[in-house]
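Biologist: Please show me the model. I have some questions about it.

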Amino acid sequence: MAIQSCESIYDLAQQTGVSVGTVSRVLNQRGRVAESTRQRVLEAARAANFKPRMSARNFTVAVVTDRVGAMPYGGYVSHLMSPMIEALAEHDVSVELYTEHNAANLGNRFVDGVLAMAWSDQTIDKLHEQLGKVPVVFINRLDLTEFSVVGTDQKAGAVSIGEHLLSHGHRDICIVAESQTWGFTQRVQGLESAMSKAGLDPDKHLTVNLPSDQHETLADQLSRAVSHKPSALFLASEDLVFQATHHIQNTLGIQIGKDISVVGMELPEISAYMTPPQTTLRQPLRQIATNAVNLLMQHISDGQFKPQQVLLESHLIQRQSVCEL
């Protein structure tokens, strides 16, 4: 049956052959409704470009992340989430939050678009189900070319770190990360590129240090990393910086900027006040978040879901955590 434009839930109920109460429960995401019925109502509502009148806002956007891990000083997701919510508020949209705990329900919701900060295969599979239905904009996942993405050139950023460390005489570098994500792989390639350009064999001078198993703590991982006796560490995640530097100096008794050089990922309002102030690679997280929101709203407004990639530049901030050899 062809779907016509709908002015109210009564029109939608008539066209889908269900009760007004059922339509209301589906759109309000309340009560029990058979999955086949729920999907029929949602598909009809989308086809008719129907907007529930219970919301005074224009659109509803889903924000999806499978790395919530709130930290008292902030972290990657936290520093993205705040400007993202601000930008969404400026567009006067409603926001729904999805994590690994409820991402499976995304297909059963009435949303106009999705902003995604996701790494797990299960979450990404759920987002693939949204392709062609609603626009999806990922952050820092340029490997997912089927989606629109806003991010930074991870490899180029790591090249700048490698060149900086090499210019200070460092030859044995260890990169420490939480997991083997696309961004981490790009950063390894950047360090390898800088070393190769300098005439060094990355296989002899670069150590990749990931958690050896799911039970290994960050303290264990760092102890293993320094056992390789690198002259420099690259902490390849905003979420590692604070705990890692604390452990290195206060537990292992290694002085950063004297005994070992450390480069991290910038934590705004924190990295500059660490002891010593930390040399970092700054991703423009606020600009990434606002550009992602603007791109998503553009997709929603024009109805075009053709993938676009917006690439922003990272900057190396030189402070006192890198010493001269």
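Biologist: At roughly what angle do the axes of helix α9 (residues 218-227) and helix α10 (residues 241-251) cross?
Modeller: The two axes (lines fitted to C-alpha atoms over the stretch in contact, with angles from 0 to 180 degrees between N-to-C directions) come within 10 Å. α9 and α10 cross at roughly 60 degrees.

Biologist: At what pLDDT do side-chain atom pairs count?
Modeller: Residues are numbered from 1 along each chain as its sequence is written, and side-chain values use heavy atoms, leaving out hydrogens and water. This is a predicted model: totals for chains, interfaces and linings use all residues, local features need pLDDT of at least 70, and side-chain atom pairs count only at pLDDT 80 or more.

Biologist: Which residues of α10 make the contact with α9?
Modeller: α9 passes α10 in a right-handed crossing. The contact (heavy atoms within 4.5 Å) uses Leu-218, Ala-219, Leu-222 and Ser-223 of α9. On α10, the partners are Gln-243, Ala-244, His-247 and Ile-248.

Biologist: How far apart are the end C-alpha atoms of helix α6 (residues 154-167)?
Modeller: α6 has 14 residues at 1.5 Å a residue, so it should span 20 Å. The expected span is 1.5 Å times one less than the number of residues. The model agrees, with the ends apart by 20 Å.

Biologist: Which backbone nitrogen does a side-chain oxygen of Asp-153 reach?
Modeller: Asp-153 sits at the start of α6. One of its side-chain oxygens comes within 3.3 Å of the backbone nitrogen of Lys-155.

Biologist: How do α6 and helix α7 (residues 182-197) lie, oblique or parallel?
Modeller: Their axes come within 7 Å and cross at roughly 40 degrees. Angles under 35 degrees are roughly parallel, over 145 roughly antiparallel, 65 to 115 roughly perpendicular, and the rest oblique. Therefore α6 lies to α7 as oblique.

Biologist: Which elements do the buried residues of α7 pack against?
Modeller: Buried means under 20% relative accessible area, exposed over 50%, and partly exposed in between (1.4 Å probe, protein chains only). In α7, Trp-182, Phe-184 and Leu-191 are among the buried residues. The buried residues of α7 pack against α6, β6 (173-176), α8 (202-205), β7 (206-209), β8 (232-235) and β9 (261-265).

Definitions and conventions: Helix = DSSP H or I, 4+ residues; strand = E, 2+ residues; numbered from the N terminus. Polar contact = N/O pair within 3.5 Å; in protein donor to acceptor, adjacent residues only side chain to side chain. Left-handed = near helix turned anticlockwise from the far one by under 90°.
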